[in-house]
Amino acid sequence: AEGYAYLPYGYVCNQDFNFLGQYAIKGLTNVDFTPDDDDGEDLPDPALVDTDGDGIPDIEEEEEDDEEDEEDDFDPEMFDRLAETKRVFNKYDMDGSGSINAQELYRCLILNGIFVWPSQLDEYMQQYDADGSGHIGFKEFCAMCGVEHPED
């Protein structure tokens, strides 16, 4: 299935948030943004908005509520590189072992648009598997993604 999503410019072009280096390459190529002939007909008639006849639209000011604004769903971890790296690591640690094996690493790379040959995958495993366990732990995954781990 193919779909579209809004990607803020600050995410797509900022290495702090887009740490895997992926960029939006497909635009809305099949969408026609040409206005229709009837666009704007649903706007109110300016004569109806100008009730006192001075030629200036009347604006009703809303009274401010003294109530505290509701809390938004802002999650500060959304912009934390370490937290985002942990989220990605957990997503591709398919067996929940706390480490990523070669098959899980391959899936991670392919699903993020990074094509690798099997020989390159072996090189990745050798390069980033610092303890020689045959798996990449979270600290090693951080090193692979260029994210500083707090224990370093």
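Biologist: Let's start with Asn112: buried or exposed?

Modeller: Asn112 counts as buried, because its relative accessibility is 17%. Buried is under 20% relative accessible area, exposed is over 50%, and partly exposed is in between, with a 1.4 Å probe and protein chains only. A word on the source: this is a predicted model, so local features need pLDDT of at least 70 and side-chain atom pairs count only at pLDDT 80 or more, while totals for chains, interfaces and linings use all residues. Residues are numbered from 1 along each chain as its sequence is written, and side-chain values use heavy atoms, with hydrogens and water left out.

Biologist: Good to know. Where is Asn112 placed?

Modeller: Asn112 is in the loop between H4 and H5. Helices (H or I, at least four residues) and strands (E, at least two) are DSSP runs, numbered from the N terminus.

Biologist: And which backbone atom lies 2.7 Å from a polar atom of the Asn112 side chain?

Modeller: That is the backbone oxygen of Cys108. For a polar contact, we look for a pair of N or O atoms within 3.5 Å; within protein, one must be able to donate a hydrogen and the other to accept it, and residues adjacent in sequence count only if both atoms are side-chain atoms.

Biologist: What about Phe115, buried or exposed?

Modeller: Phe115 counts as exposed, at 53% relative accessibility. Phe115 is found in the loop between helix H4 (102–111) and helix H5 (118–128). Together with Tyr106, Ile110, Leu111 and Trp117, Phe115 makes a nonpolar surface patch of about 540 Å². Patch residues have over 30% relative accessible area and no salt bridge; like charges are joined within 9 Å and nonpolar side chains (Val, Leu, Ile, Met, Phe, Trp, Tyr) within 5 Å. The areas come from the Shrake-Rupley method with a 1.4 Å probe, and for residues only the protein chains shown count as cover.

Biologist: Switching topic: how many salt bridges are there?

Modeller: The count comes to 1 salt bridge, where a side-chain nitrogen of Lys or Arg must be within 4 Å of a carboxyl oxygen of Asp or Glu. The partners are Arg87 and Glu84, 2.6 Å from N to O. Both lie in helix H3 (residues 81–92), 3 residues apart, which is about one turn of the helix. Arg87 is partly exposed, with a relative accessible area of 45%, whereas Glu84 is buried at 17% relative accessibility.

Biologist: Where does Ser99 sit, then?

Modeller: Ser99 is in strand E1 (residues 99–100), and it counts as buried at 14% relative accessibility. Among the residues Ser99 touches, not counting those up to four places away in sequence, are Phe89, His135 and Gly137.

Biologist: And which strand holds Gly137?

Modeller: Gly137 is in strand E2 (residues 136–137). With a relative accessible area of 18%, Gly137 is buried too. Gly137 and Ile100 are 37 residues apart in sequence and 6.4 Å apart in space, C-alpha to C-alpha.

Biologist: Last one: what pattern does the chain follow along the sequence?

Modeller: The chain runs α-α-α-β-α-α-β-α, with 6 helices and 2 strands. Buried residues make up 22% of its 152 residues. The chain exposes about 12,400 Å², and carbon and sulfur atoms supply 49% of that.

Key
Contact = heavy atoms within 4.5 Å.
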